[in-house]
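Please walk through this structure with the coordinates open.

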Amino acid sequence: MNKNNFVETSYNKPFIKQRADPYIYKHIDGSYYFTASVPEYDRIVLRHSDTMIGLKDAEEVTIWRKHESGIMSVHIWAPELHYLDNKWFIYYAAGDIDDIWAIRPYVLECEGQDPVNDSWKELGLVKRNDDFSFNDFSLDMTVFENKGKRYCVWAEKVNIGKKISNLYIAQMKSATELATPQVLLTSPDFEWERVGFWVNEGPAYLEHNGKIFLTYSASETGECYCMGMLSIDENKNLLNPHEWKKEYKPILNTDIDKQIYGPGHNSFVKDENGNDIMIYHARQYNEIIGDPLYDHNRHAYRMKIIWDIEGNPVFDYENNF
């Protein structure tokens, strides 16, 4: 199956087309915001709606564009919108046109309370607390709070040559600065995390009944792309990697029967009824010409999360909608 020859099933009908790394934020007023990587990797967009389904057809506004040269001039990836300390922030990754893989995590701050219509200012790199963070390919930063403390998790590559992408965690001093050195949270340990590239990336936070879950994406971005998961009790030390449990198998991967290929880079949000919803990207086909990173047909999909008797999330394409 390729982009000119694929089968649409009841499971793989996109929520929003050609929007990779999808992120939905539910604000305190109950309205919803949507952002994602666009195929051109050249700008950051926002949609706003009073309802989640309304995001599908909501007007999309460009709130920031890449630089023409230097840092933040290429590979504008995986924006996330957060409302912290009564201000709007967007975390995103960007490279340098003269070194396109010199990707680092940057921050924008809205200068007003309307993130769609008010102007945004650049705050530059997230400020680190050690000499090691953000020295290499670093991206997919997400932020969450637990027990009155704020944390961020991101992916960063190490080694030389065909580098390994790990996930790191740190506590935050403010919305733009880390309070602690990085802590290695997980590396691609299993075969399903090592197809094409050794990758852990795209962390996403979910909380339920006193337990924290972090999903993440693994392997290269084609058919083999899939999702893993970490979990921890909310009362444990989140900066101690030994307290986290890592699943031995992917929680979501390609399903040929349902024609969903390479699911990954998700986010979580509650719907109007308080249900936990996952939004993720995937393709409708597996045959890709060239680098899958530049195949534009990664669409955004929605899945309702079901909770098992032990309080763990169940990810099932039967719950796509």
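Leaving out residues up to four places away in sequence, Phe15 touches Ile24, Met52, Ile53, Leu55, Lys56, Ile279, Ala300, Tyr301 and Arg302, where contact means heavy atoms within 4.5 Å. The model is predicted, so local features need pLDDT of at least 70 and side-chain atom pairs count only at pLDDT 80 or more, while totals for chains, interfaces and linings use all residues. Residues are numbered from 1 along each chain as its sequence is written, and side-chain values use heavy atoms, with hydrogens and water left out.

Phe15 sits in the segment before β1 (20-26); strands here are DSSP runs of E with at least two residues, numbered from the N terminus. Its relative accessibility is 3%, so Phe15 counts as buried (buried is under 20% relative accessible area, exposed over 50%, partly exposed in between, with a 1.4 Å probe and protein chains only).

Which residues have the most contacts inside the largest nonpolar core? They are Trp77, Leu139, Val153, Ile169, Leu185, Leu238 and Trp244, in a core of 26 residues. A nonpolar core is a set of buried Ala, Val, Leu, Ile, Met, Phe, Trp, Tyr and Cys residues joined through side-chain atoms within 4.5 Å. Strands that each supply at least two residues of this core include β5 (74-84), β9 (138-146), β10 (149-158) and β11 (164-174). The most comes from β15, with four residues. Apart from this core lies another, of 21 residues, among them Tyr23, Ile44, Tyr106 and Cys110. Within the surroundings of Ile169, contacts beyond four places in sequence include Phe144, Trp154, Pro181, Leu239 and Trp244.

Asn312 is found in the loop between β21 (306-307) and β22 (313-314). Asn312 is buried, because its relative accessible area is 17%. Its side chain makes a polar contact of 3.0 Å with that of Lys211 (a pair of N or O atoms within 3.5 Å; within protein, one must be able to donate a hydrogen and the other to accept it, and residues adjacent in sequence count only if both atoms are side-chain atoms). Not counting residues up to four places away, Asn312 also touches Phe213, Ile306 and Trp307.

The whole structure has 16 salt bridges, each a side-chain nitrogen of Lys or Arg within 4 Å of a carboxyl oxygen of Asp or Glu. In one of them, the closest N and O atoms of Lys163 and Asp136 are 2.6 Å apart. Lys163 lies in the loop between β10 and β11 and Asp136 in the loop between β8 (120-125) and β9, so the pair ties together parts that are 27 residues apart in sequence. Another salt bridge joins Glu234 and Lys147, with closest N and O atoms 3.4 Å apart. This pair links distant parts of the chain, 87 residues apart. Lys147 is exposed, at 52% relative accessibility. Lys270 and Asp276 also form a salt bridge, at 2.9 Å between the closest N and O atoms; Lys270 is partly exposed at 38%, whereas Asp276 is buried at 8%. Shared partners join Arg19, Arg47 and Glu60 into one network of salt bridges.

On the loop between β19 (276-283) and β20 (299-304) lies Tyr294, partly exposed with a relative accessible area of 36%.
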